[in-house]
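Here is a quick tour of a protein model, written for someone who would rather look at side chains than at tables. Keep the viewer open while you read.

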Amino acid sequence: MLESNINPIRPNKLFHSKWTAVSPVNKEKHFLVIKLCQPPEPDAPMTLVELQAVHSGRIQQIAWRELQDKSHWHQGWL
């Protein structure tokens, strides 16, 4: 059986989830989802999340769907 290159995630379950970057930059490897960014239109789907680097505390916004790519992200802290 072939392994999928997609992390199976649901956007409504992302808050406080833990992630490991496959290719760390500036020693930032472990991240925590600290915010689900709601779009300005109330009926629009959520597209962005805020990640906080555990090591530095730096915050970045990314599209939540980027977390599905196993070549960039692993769910949990490895």
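Predicted model: local features only at pLDDT ≥ 70, side-chain atom pairs only at ≥ 80, totals over all residues.

What follows goes from confidence to the core, and then to a handful of individual residues.

The protein averages a pLDDT of 91, and 96% of the residues score at least 70. Strand E3 (residues 48-53) has the highest confidence, at 97, while strand E5 (residues 73-75) has the lowest, at a mean of 95.

## The nonpolar core

In soluble globular proteins, nonpolar side chains tend to be buried together. Here the largest nonpolar core has 14 residues. Those with the most contacts inside it are Leu-14, Trp-19, Val-33, Val-49, Leu-51, Leu-67 and Trp-73. Strands E1 (18-25), E2 and E3 each give two or more residues to this core, and E3 gives the most, with 3 residues.

Leaving aside neighbours within four places in sequence, Val-49 is in contact with Leu-14, Val-33, Lys-35, Leu-36, Cys-37, Gln-60, Gln-61, Ile-62, Trp-64 and Leu-67. His-16 is 33 residues from Val-49 along the chain, and their C-alpha atoms are separated by 11 Å.

## Aromatic rings

How many aromatic pairs does the structure hold? There is 1, and it is formed by Phe-31 and Trp-73. The two rings sit edge-to-face, 5.3 Å centre to centre, with 80 degrees between the planes. Phe-31 lies in strand E2 and Trp-73 in strand E5, so the pair ties together parts that are 42 residues apart in sequence. Phe-31 is buried because its relative accessibility is 3%, under the 20% cut-off. Trp-73 is buried too, at 9% relative accessibility.

Another ring to look at belongs to Trp-77: the charged end of Lys-18 sits over it, 4.6 Å from the ring centre.

Asn-7 lies in the segment before E1. Is this asparagine buried or exposed? At a relative accessible area of 5%, Asn-7 is buried. A polar atom of its side chain lies 3.0 Å from the backbone oxygen of Trp-73. Beyond residues up to four places away in sequence, Asn-7 touches Trp-19, Leu-67, Gln-68, Asp-69, Lys-70, Trp-73 and Gln-75.

Ser-17 is also found in the segment before E1, and it is buried as well, with a relative accessible area of 12%. A polar atom of the Ser-17 side chain lies 2.6 Å from the backbone oxygen of Leu-14. Setting aside neighbours within four places in sequence, Ser-17 is in contact with Phe-31, Leu-32 and Val-33. Phe-31 is the residue that pairs with Trp-73.

## His-30 in strand E2

His-30 lies in strand E2 (residues 28-37). At 25% relative accessible area, this histidine is partly exposed, because that category runs between the 20% limit for buried and the 50% limit for exposed. What does the side chain of His-30 reach? It comes to 3.1 Å from the backbone oxygen of Leu-78.

Apart from neighbours within four places in sequence, His-30 is in contact with Trp-19, Thr-20, Gln-52, Ala-53, Val-54, Trp-77 and Leu-78. Pro-40 is another matter: it is 10 residues from His-30 in sequence but 29 Å away in space, C-alpha to C-alpha.

Finish with the backbone. Most residues other than glycine have a negative phi. Asn-26 has a positive phi of about 55 degrees although it is not a glycine, and Lys-27 has a positive phi of about 65 degrees, again without being a glycine.

Where do they sit? Asn-26 lies in the loop between E1 and E2, and Lys-27 is found in that loop between E1 and E2 too. Asn-26 counts as exposed, at 64% relative accessibility. Lys-27 is exposed as well, with a relative accessible area of 69%.

Terms used: Residues numbered from 1 in each chain as written. Heavy atoms only, no water. Helix = DSSP H or I, 4+ residues; strand = E, 2+ residues; numbered from the N terminus. Buried < 20%, exposed > 50% of the residue type's maximum accessible area, 1.4 Å probe, protein only. Contact = heavy atoms within 4.5 Å. Polar contact = N/O pair within 3.5 Å; in protein donor to acceptor, adjacent residues only side chain to side chain. pLDDT = per-residue confidence, 0-100. Phe/Tyr/Trp six-rings, centres within 6.5 Å; stacked < 30°, edge-to-face > 60°. Lys NZ or Arg CZ within 6 Å of the ring centre and 35° of its normal. Core = buried A, V, L, I, M, F, W, Y, C linked by side-chain atoms within 4.5 Å.
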